[in-house]
Amino acid sequence: MFGLNKKDSTLLLIVAGLVLLAPFLLNPFPEGSAMAQFNAGYPDLMQRFVIFGIFAIGFNILFGLTGYLSFGHAAFLGVGSYAAMWMFKLFGMNVLPALALSILMSGLFAVVIGYVSLRRSGIYFSILTLAFAMMSYALAYSVLAADMDGPDQQGLLQKGLTGGETGLQLTLDDPRILGQQTAGDGNLPVPSLFGLEMRSASELNVGDWVFTFSAGYYFSAIVMLLSFYLSIRIFRSPFGLVLRSIKSNQQRLSYTGMNPKPYMLAAFVISGMYAGLAGGLMAAMDPLAGPERMFWTASGEVVLMTILGGVGTLIGPVLGAGAIKYMENILSKINSDILHSWFAFLPDGLEDFVVTLIYPFIGKGWHLTLGIIFMLVVIFLPGGLVEGGQRIARAMRRKKQTASDDDTKAKQPAE
Amino acid sequence: MSKTNLTRRGVLKTGAVAGAGLALPTYLSAAGHEGFTNAPTGDTVTLGFNVPQTGPYADEGADELRAYELAVEHLNGGGDGGMLNTFSSKALQGNGILGKKVEYVTGDTQTKSDAARASAKSMIEKDGAVMITGGSSSGVAVAVQALCQEAGVIFMAGLTHSNDTTGKDKKANGFRHFFNSYMTGAALAPVLANNYGTDRKAYHLTADYNWGYTTEEAVRTSTEALGWETVGTVLTPLTQTDFSSYITPVLQSDADVLVLNHYGGNMVNSLTNAVQFGLRDRVANGKNFEIVVPLYSRLMAKGAGANVKGIFGSTNWHWSLQDEGSKAFVQSFGTKYGFPPSQAAHTCYVQAILYADAVERAGSFNPCAVGEALKDFEFDGMGNGPTLYRGEDHQCFKDVLVVKGKENPTSEFDLLEIVEITPVEQVTYDASIFGGDLGSCNPGA
């Protein structure tokens, strides 16, 4: 299907199914129950799942295939966001031109940064990209946030190109070429796809369950499926094969007469454009672009996502992105009151003890939990969550199969 | 590569799924409502407390959360009622808001615009919060206020001191009780001129974000109007913890006053560095070198220890105030937590009570009705004397305190002494000077 082999089409279909049914799958607990705390099926988080999925898929094209660890990918995410915001401010509220400019701008940035950084490999490459990203952050945070249209004027550039720490926002007097300056009710217009507002949502009530279907989520989800499909094609293409050979032995590749540089630059730019697309989508879902998106922790996060899910696998980065965003948004919101209400059935002393035991790992301590899980995955499942899935699948199959069958022939599950 | 296999069964299956998908919207109940976002339906109402739990303002955030918990307790009729007893409006009965029990959810802003918006969004979309309040940074306040305007909920700003929150970036759904940089400048400059003379040369170190800029500008304008000269302004990153490299140039300049436009952990570190470099014992231009901290809080004074002695600044509220409202609040906060509240706690507590009172008076949770009730609302008994919530920019106008680090503190909390209570007339300004546009109130879906 679509030029994919059977295994890959199955994977694509599974991912499509999961993504389209996410509002149901992520809301397994009825509203008002104690477990509703763990529901993740609200638009903002679902959008984050797929948007960071795109970011991680793109990162994996560079890191998973060529083995070049970029530690500054968040710069492209930020560039994409700012580009989309300026498109909203100057051109119109339709998301498609905004996303187009995001991809274009981040691509241009990636060409420049990649051209310089790819002259080195290994740790030097990582440090160079990190340096570029932190430069972009400093520019966005401070240098480009200075008042550029004079202290006595209240013009378009009164907060500079980037808006500094607060971030770039829409205002009521943006000179938009297409579409109105303010919505009918005197408020800011909303990013939309030919009139379909990204923040519009409808709810489905089934018994105690409430499922929210958000236009923004489904739009991002479709973009994510397209990006996923493109990444499968890249993985399976001759171009992908060259990238893999760069990872396995770059010198040998050079000796066979191939120049790896253009391939690496192409991979870097493609993955930068993926990041730009993700950044543009973030701005389309929530029209504000802040400089923290370019900070090195954001770059580190995508590395974590990819490694947690499984480097070089197709689905791994998406899983990793989901896992990290889930913890960031759900675990971090559990506070000690909620814990106490969970363990209220225990005798008082024991309740306090259990709560004290768990407390450091939830709320603002979610980083600690993430760190522990990351360590466990790296030590015991070097292939990430995907390897965990494969091991489980193998174990299941082994049980089913009769002893006469040998395991070595067992097919690897889809990557 | 692969071939497309169309089987009869496959086509039927796909068709059925697609059909179900297309039919689905007709089953969707109109998300429900009385015409505004998150209208409370049961016998409870959920408020969202979005405060920094990590980052440079985590101390303030923790104190804000304590204040909110206390406010919820008082609104639900628990505790000793705190400021409800001294508040000039008597609409609140201690039975929740409009008879609905108050519940709350919390989030961490991390003092980052993105994170703050994400956590506010999850409180609105997932937990059904009908009002968002809190925050300890102007950048965050401006970002979250814009989000609340879009989402159609009320935003009651916590500690935010930048002019922009109710200036250029004001929004119809956003309200601020805290004072701002302009008021600081207007209140502080005359006191500085009286104490340090009118021919001073000032050097500014400014936190590199929204609040820093407007504070620097306000202090500069109002001191220059009284004859001071500004010889240098340098921006410092918000994440900076060591300010030594910024202090050395001060020694080389011909400045005789250092203005630290820093807050929270930033101010604690920069002031400590400045004192370590001997700035306070320095004599420049034949005068004693002085340090000024425009925005002060007790938590900062505590962090900086003995270094704050004799240093001037301004503050929104201080626990040693002797009016009935302040005494009642300090009493109930102290009973519950064992120490006096900070100004961040005070403004957050007051904002929660003011919101609840406005809902009660409006008779509805609809943001537009609440906004109407808060507009040009005059009240008293909340610790700052008679106060006006001005309708043009949703900013509170009240007296401003000029304080000084105490020379001989009697306890670990008694660190600031009130030098002057600047009357509200002196700090009132015309709403149009900062530009910006409120827009119109947005009740959301």
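User: How many helices and how many strands does chain A have?
Analyst: This is a predicted model, and its elements are counted along each chain. For chain A, the secondary structure comes to 16 helices and 6 strands.

User: Which radius of gyration does chain A have, and what does the globule rule give?
Analyst: Start with the extent: the C-alpha trace of chain A spans about 80 × 70 × 40 Å along its principal axes. The chain has 415 residues, and for that length the globule rule gives 22 Å. The value for chain A is close to that, so the chain is as compact as a globular protein of that length. Its radius of gyration is 23 Å.

User: What percentage of the residues of chain A count as buried?
Analyst: A residue is buried if 20 or more other C-beta atoms lie within 10 Å of its own. Apply that to the 415 residues of chain A, and the buried share is 46%.

User: Among contacts in chain A with a separation of 6 or more, what share joins residues 24 or more positions apart?
Analyst: Take the contacts in chain A with a separation of 6 or more. Then pick out those between residues 24 or more positions apart. They account for 70%.

User: Which elements of chain A do the buried residues of α6(A) pack against?
Analyst: Helix α6 of chain A covers residues 122–141. With 20 residues, α6(A) reaches 29 Å from its first C-alpha to its last, close to the 28 Å expected. Its buried residues include A:F125, A:L128, A:F132 and A:Y137. The buried residues pack against α4 (74–90), α5 (95–117) and α11 (296–309) of chain A.

User: Is B:N285 buried or exposed?
Analyst: B:N285 also has a positive phi, about 50°, and is not a glycine. Its place is in the loop between β9 (283–284) and β10 (287–288) of chain B. It has 12 C-beta neighbours inside 10 Å, so B:N285 counts as exposed.

User: Which element gives the largest share of the side of chain B that touches chain A?
Analyst: At this interface, 38 residues of chain B are in contact with 36 residues of chain A. On the chain B side, the elements that give two or more residues are α1 (8–27), β2 (101–108), α3 (113–125) and α4 (138–151). The largest share is 7 residues, and it comes from α3(B).

User: How many residues on that side of chain B are charged?
Analyst: Sort the residues on the side of chain B that touches chain A. They divide into 12 nonpolar and 16 polar, and the charged ones number 10.

User: At which residue does α5(B) kink?
Analyst: Helix α5 of chain B runs over residues 181–196. It has 16 residues and reaches 21 Å, close to the 22 Å expected at 1.5 Å a residue. A kink of about 30° comes shortly before the proline B:P190. The kink lies at B:L188.

User: Which residue with a positive phi follows α5(B)?
Analyst: The buried residues of α5(B) include B:Y182, B:M183 and B:L192. Their packing partners include α6 (210–225) and β11 (290–295) of chain B. After the helix comes a residue with a phi near 85°: B:G197.

User: Which residue of β11(B) is the bridge partner of B:L258?
Analyst: Strand β8 (residues 257–261) of chain B has 5 of 5 residues buried, so β8(B) is largely enclosed by the rest of the structure. Strand β6(B) pairs with β8(B) in the parallel sense over 5 bridges, and B:Y203 stands opposite B:L258. β8(B) and β11(B) also pair in the parallel sense, over 3 bridges. There, the partner of B:L258 is B:I291.

User: Which residue stands opposite B:I154 in β4(B)?
Analyst: Both faces of strand β4 (residues 154–157) of chain B are covered. B:I154 and B:M156 are buried on one side, B:F155 and B:A157 on the other. Strand β3 (residues 131–134) of chain B runs parallel to β4(B), joined by 4 bridges. Opposite B:I154 stands B:M131.

How values were computed: Residues numbered from 1 in each chain as written. Chains lettered and ligands numbered in written order. Predicted model: local features only at pLDDT ≥ 70, side-chain atom pairs only at ≥ 80, totals over all residues. Contact = placed C-beta atoms within 7 Å. Nonpolar A, V, L, I, M, F, W, Y, C, P; charged D, E, K, R; others polar. Rg over C-alpha atoms; globule rule 2.2 N^0.38 Å. Expected span 1.5 Å × (residues − 1). Bend = angle between axes of the 7 residues up to and from the residue. Pairing = 2+ DSSP bridges.
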